[in-house]
Amino acid sequence: MKFVIIIGHGDCCIAHRVFSGILRSDVTCTSCGFTSTTFEPCMDISLDLDVGDNTPFGVANTKPHVRNGERGFAGMTSKVSTLMRCLERFTRAERLDAEQKFFCERCDERQESLKQMSIRRLPLVSCFHIKRFEHSAVKKVSRKVDHCLQFPFSLDMAPYLSSSILRSRYGNRIFPAEASDADAVSELSSEFEIFAVITHSGKLEAGHYVTYLRLNNHWYKCDDAWVTRVEEHTVRTSQAYMLFYVQKTLYYKACERAAAV
């Protein structure tokens, strides 16, 4: 049995119709298995950098490498994350600590629980915010995270959808609440294409933002009043702060219209 709450909707304006998706949050009691499910709209997804088992920060990697079909970061620090690992971490089940005990309606008391996020409905444009600024209330310090991030130009969001997460959790068992999640994504493809990257250079106290835009498979650097054409390698090795992906069918339609002008 599930307890479902739906918070708001994303159809109030053009910005919401383009950028708004719906996230699903499942909190499961580890004692009895009761799950509380909530849905809420989101305009972007904030992702923690997951650097895996790379070498310590600050060690230079002077040789180019290729991983998962993506060229690496020659001459840059070797603590590297990937967008896919960040999304996997975002949708991974996590145990809530003792201070966040979940009130289980079935047990009628607070219990330890597992929380798992997933994407119930994809937007037309997916925006990913990379958490490059850390603030520690305990240590009372703030810092910028300079780890490199590898990101694909073509991205399949299927593994991070609620339908995929639920299938992995329950197998072939389908419940009414889960069936509705499959319907939520059937109207849109899970295939996306990158079209914009916002970068940040500098430190926490002072820095500079630059935007890279993709048009007809050419990249352009927008730096204040200057717009210049750049190579793909420049974008791949930039310090991404925000990534924008559009539905692949819409991207190619836009390219076709631009080419016809």
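Predicted model: local features only at pLDDT ≥ 70, side-chain atom pairs only at ≥ 80, totals over all residues.
Ser 113 belongs to strand S13, which covers residues 113–121. Is Ser 113 buried or exposed? Ser 113 is buried, because its relative accessible area is 0%, under the 20% cut-off for buried residues.

**The whole protein**

Now zoom out for a moment. The protein has 6 helices and 23 strands. Of its 261 residues, 39% are buried. If you count contacts between residues at least 6 apart in sequence, 69% of them join residues at least 24 apart.

**Asp 26 and its partners**

Next, select Asp 26, in strand S2 (residues 21–29). Asp 26 counts as buried, because its relative accessibility is 2% and the cut-off is under 20%. Which side chain makes a polar contact of 2.7 Å with the side chain of Asp 26? That partner is Thr 37. A polar contact of 3.0 Å links the side chain of Asp 26 with that of Arg 24. Beyond its neighbours within four places in sequence, Asp 26 is in contact with several residues, including Leu 114, Lys 115 and Gln 116. Leu 166 and Arg 169 are also among the contacts of Asp 26.

In soluble globular proteins, nonpolar side chains tend to be buried together. To see an example, select Leu 83, Phe 128, Phe 151, Met 157, Val 197, Leu 243 and Tyr 245: these residues touch the most other members of the largest nonpolar core, which has 32 residues. Several elements each supply at least two residues of this core, among them helix H2 (83–90), S13, strand S14 (125–130) and strand S23 (240–247). Another core, of 10 residues, lies apart from it and includes Val 125, Tyr 241, Val 246 and Tyr 251.

Not counting residues up to four places away in sequence, Leu 83 touches Leu 47, Phe 128, Leu 149, Gln 150, Phe 151, Pro 152, Leu 155, Leu 243 and Tyr 245.

**Along strand S14**

Select S14 next. This strand is largely enclosed by the rest of the structure, because 6 of its 6 residues are buried. In a regular strand the side chains alternate between the two faces of the sheet. Here, Val 125, Cys 127 and His 129 point one way, while Ser 126, Phe 128 and Ile 130 point the other way.

Now look at the strands that pair with S14. How many bridges join S4 and S14? There are 3 bridges, and the pairing is parallel. Leu 47 has Ile 130 in S14 as its bridge partner. S14 also pairs with S23, in the antiparallel sense and over 5 bridges. There, His 129 has Met 242 of S23 as its bridge partner.

The largest cavity has a volume of about 100 Å³. To find this cavity, select Cys 42, Ile 45, Pro 123, Ser 126 and Cys 127, which are the closest to its centre of the 17 lining residues. S2, S13 and S14 each supply at least two residues of the lining. S14 gives the most, with 4 residues.

Methods:
Residues numbered from 1 in each chain as written. Heavy atoms only, no water. Buried < 20%, exposed > 50% of the residue type's maximum accessible area, 1.4 Å probe, protein only. Polar contact = N/O pair within 3.5 Å; in protein donor to acceptor, adjacent residues only side chain to side chain. Contact = heavy atoms within 4.5 Å. Core = buried A, V, L, I, M, F, W, Y, C linked by side-chain atoms within 4.5 Å. Pairing = 2+ DSSP bridges. 1 Å grid on protein atoms, 1.4 Å probe; cavity = no way out; pocket = protein on both sides within 12 Å on 5 of 7 lines; lining within 4 Å. Points joined across faces, edges and corners; volume = space filled by probe spheres on them.
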